[in-house]
Amino acid sequence: MLKQEKNLLIGALTALIAFTFEHTILEMGQAASLIAASVLVVAIIMVSLRVAHHAEVLAEKFGEPYGTMILTLSAVLVEVIILVMMLSHTSSPTLARDTIYSAVMLDMNGILGLAAILGGLRYGEQPYNVDSGNTYIVMILTGMGVSMIVPEFIPNVHWQAYSVFTIFIMLILYGSFLRLQTTKHSYFFSYTYAETGETNHHRAGSARMSGTLLVVGVVLIGALAEVMAKTMDHGLTGTGVPPVVAAILVAAISASPEILTALRAALANRMQPVVNIALGASLSTVILTVPAIEIMALINNHPVTMALTPVQTVMTFLTLVVAAINLHDGETNAIEGATHFVLFATFLMLSLMGL
């Protein structure tokens, strides 16, 4: 038991050391702060992998669509915790927006693109339920449009009213989606596969124990993120590194378990979990993270920048249009994966240019 949960133990020990020597590290200067932040990032990823493992145990117990829903929600919870911690220790007004945007680019172009390439090269065309892709895409477009494109046209004097509206409309939208996803339209998000000869590795563990350890892992991530936010902010101050780099890091940390799960599914010729993870994570990130950030803004009586920049808006529409075209026939292939991965590479290039 202890050997299996060594990542959680290492995370707990790292958190203890970090909290004990936090002020000492900050006083040692930027280099020490960046080294400490890097160590904390590694620790967070290690804990995240165990969180993903226990989410997958619960997923196998409950089946689809509950399985990937649990996995994506746990990843989004990790993202929200890290983001909230970083927002409390940074002066960047665009960190929340850039993190959500980066997560969507990473999930829809990075994860989906790489999975479709690897799975396509191995199996050719990989089937999935076309209804799931169509549903996710229109939900993501609606969520991002209302919460991250329309705000560009809202006068500052009305920011509080629109924030309240955004919180309620996102929660109502996601609540309605979850109800339909788990009842009347649950078959949209599942696909019956014939035997492929691949070994299906069942994960050992009880649902109760996995649920408990999942919560422990999330708490540990919050503790590690608290110190990471301070050391990273101190280490990057004055370096000229584009602010979006920190946002990409947050998105990559939270998505790390999803990446491994999606790639394993693609290599096992099971594209439905990949679609559910990549698009489901994007949807959950937009519809759940935005209300959390807007609530913080209202509590602090300080608006946050949620409106996408023109470049980000173009990249978002390109991604959704390409996804709508690629996912219209119920099969993916390596060529379609390559188009998404090109968009992901473009996103990284633009981010490094500070755009």
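Rings of Phe, Tyr and Trp (its six-membered ring) count as an aromatic pair if their centres lie within 6.5 Å; planes under 30 degrees apart are stacked, those over 60 edge-to-face and the rest tilted. The legends below concern a predicted model, in which local features need pLDDT of at least 70, side-chain atom pairs count only at pLDDT 80 or more, and totals for chains, interfaces and linings use all residues. Residues are numbered from 1 along each chain as its sequence is written, and side-chain values use heavy atoms, with hydrogens and water left out.

**View 1. Aromatic pairs around Phe189.** The structure holds ten aromatic pairs. One of them joins Phe177 and Phe189 edge-to-face, with 5.8 Å from centre to centre and 85 degrees between the planes. Phe177 belongs to helix α7 (residues 159-182) and Phe189 to the loop between α7 and α8 (207-236), so this contact ties together parts that are twelve residues apart in sequence. Helices (H or I, at least four residues) and strands (E, at least two) are DSSP runs, numbered from the N terminus. Phe189 also pairs with Phe188: the ring centres are 6.2 Å apart and the planes stand at 50 degrees, so this pair is tilted. Phe188 has 16% relative accessibility and counts as buried; Phe189, at 2%, is buried too. Here buried means under 20% relative accessible area, exposed over 50%, and partly exposed in between (1.4 Å probe, protein chains only). Tyr136, Tyr174, Phe177, Tyr187, Phe188 and Phe189 form one aromatic cluster.

**View 2. Salt bridge between Arg50 and Glu5.** A salt bridge is a side-chain nitrogen of Lys or Arg within 4 Å of a carboxyl oxygen of Asp or Glu, and by this rule the count comes to three. In the bridge between Arg50 and Glu5, the closest N and O atoms are 2.8 Å apart. Arg50 is in helix α3 (residues 30-62) and Glu5 in the segment before α1, so that distant parts of the chain, 45 residues apart, are linked. Both residues, Arg50 and Glu5, are buried.

View 3. Lys230 and Glu22 meet through their side chains at 2.7 Å, N to O, in a salt bridge. Lys230 lies in helix α8 and Glu22 in helix α2 (residues 22-27), so the bridge ties together parts that are 208 residues apart in sequence. Lys230 is partly exposed, with a relative accessible area of 23%, whereas Glu22 is buried at 5%. A further salt bridge joins the side chains of Asp98 and Arg97 (3.1 Å, N to O). Asp98 counts as buried at 4% relative accessibility, as does Arg97 at 7%.

**View 4. The bend in helix α9.** Helix α9 (residues 244-267) bends by about 50 degrees at Ala255, and a proline, Pro257, follows within four residues. The bend is the angle between axes fitted to the seven residues ending at a given residue and the seven starting there. Of the 24 residues of α9, 17 are buried, so the helix is mostly covered. Asn269, which follows α9, has a positive phi, near 65 degrees.
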